[in-house]
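Here is a protein to look over, with a few notes on how its parts meet. Have a look at the model and then read on.

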Amino acid sequence: MKEGQTRTGFYKLIGKSQEMQRLYSIIEKVASSDSTILIMGESGTGKELVAKAIHFLSVRAENPFVPVNCGAIPKELLESELFGHEKGAFTGAICARKGRFELADTGTIFLDEIGELHPSLQVKLLRVLQEREYERVGGVKTVKGDVRILAATNKNLEEATKRGEFREDLYYRLNVIPVKISPLRNRKEDIPILRDHFIKIYSDKRAMEPIVIYDDAMEVLMKYNWPGNVRELETLIERFTILTENGAVTLEDLPERFFPANQHTPIVSSGGIPHLPPEGIDLNSFLDEIETNIIHQALERSQGVKSKAAALLGLNRTTFIEKLKKKGIDTVKSGDSQ
Ligand SMILES: Nc1ncnc2c1ncn2[C@@H]1O[C@H](COP(=O)(O)OP(=O)(O)OP(=O)(O)O)[C@@H](O)[C@H]1O
Ligand SMILES: [Mg+2]
């Protein structure tokens with residue numbers, strides 16, 4: 001790959017934005033190493049795809065890739081799920097069973113939603129990261145494993161450590177190499193190729209002609225905020241493929257959420273002065289939207305560095321962070337550390 005060349009995809013990831021270029025080259029660099037990696041990104045940004053890319057581009061590719069969703073398995077079961085158990089370790093343990101760490105031996109374990117891990121298991125995981133060894137539940141024998149650990153979270157783990165919800169020592173052990181995936185709203189230029197990609201997948205699946213999304217509908221999709229990121233776009237296109245009558249998607253086919261309640265938003269004229277429409281407006285939501293928009297611009301310009309973004313807005317950092325929290329703006333983005 002030549003320097004400066006733009007890729008439209010990598011492994012199974014699609015995207016041509018600067019953010020994705022950066023992601024592709026990080027994946028390439030980290031895949032060959034054996035280091036622990038923490039993948040961060042909002043829901044639906046492709047964390048699992050990134051984890052698989054890292055594994056399948058590594059020397060472990062031929063060996064197992066074992067995902068575990070730490071948020072979906074009750075804590076009582078998770079320990080034996082991860083580390084296995086001996087016969088008779090607890091009621092119902094009628095035979096010994098290997099845990100996911102053992103199943104992942106010589107390969108990669110993917111600990112998804114690591115932020116949900118119960119404190120008692122956080123300690124045990126820390127030991128695995130430090131010593132590369134553990135015991136099965138109810139067992140005395142120490143098991144040594146050769147497993148590469150990838151973890152993912154949609155939470156801000158650094159904040160969680162400050163609140164005392166996540167062990168700081170574990171956070172540092174996991175965060176050897178952070179890989180941050182940018183939310184879709186910060187790389188909207190990827191929307192058209194993602195659209196084409198998903199249209200092809202879903203029309204091929206149903207052996208039908210690819211659907212067409214009309215320009216006016218597309219314009220709305222380009223302006224939308226995509227809180228559910230790529231997954232939201234994918235499900236929308238799957239739905240269009242099944243539901244649209246003649247294979248053409250028009251404005252009317254878009255769900256309600258694409259048309260926020262602010263249809264009465266004042267038109268901002270070229271002079272920059274908002275014009276109050278005859279039917280009036282909801283002033284609070286109008287101001288709120290302007291605020292959100294300008295905050296996103298500041299974050300983008302400062303490449304996610306909060307202190308810089310705050311300075312651009314004449315706010316002190318604490319007030320700015322409070323605002324982000326209140327608005328639920330997730331700032332997990334490449335380069336976002338301060
Ligand atoms: N850049 C991308 N290119 C192609 N497909 C993508 C991309 N990003 C995400 N997807 C698709 O979107 C869906 C969601 O991706 P994935 O499950 O990896 O997200 P996630 O970050 O793990 O989400 P969650 O936090 O909700 O588990 C999947 O079907 C995945 O294939
Ligand atoms: Mg996931």
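Predicted model: local features only at pLDDT ≥ 70, side-chain atom pairs only at ≥ 80, totals over all residues.

Residues are numbered from 1 along each chain as written, and chains are lettered from A and ligands numbered from 1 in written order.

The protein splits into domain 1 (9–182), domain 2 (186–262) and domain 3 (291–338), with bounds from an automatic or database domain assignment. The centres of domain 1 and domain 2, taken over C-alpha atoms, sit 32 Å apart. Their contact (heavy atoms within 4.5 Å) takes 13 residues from domain 1 and 12 residues from domain 2.

Why does the second largest pocket lie between domain 1 and domain 2? Because domain 1 (9–182) and domain 2 (186–262) both give residues to its lining. A pocket here is an open set of points on a 1 Å grid over the protein atoms alone, where a 1.4 Å probe fits, with protein on both sides within 12 Å along at least five of seven lines; lining residues have an atom within 4 Å of a point.

The second largest pocket has 24 lining residues, with Gly44, Gly46, Leu49, Arg231 and Glu234 nearest its centre.

Notes:
Heavy atoms only, no water.
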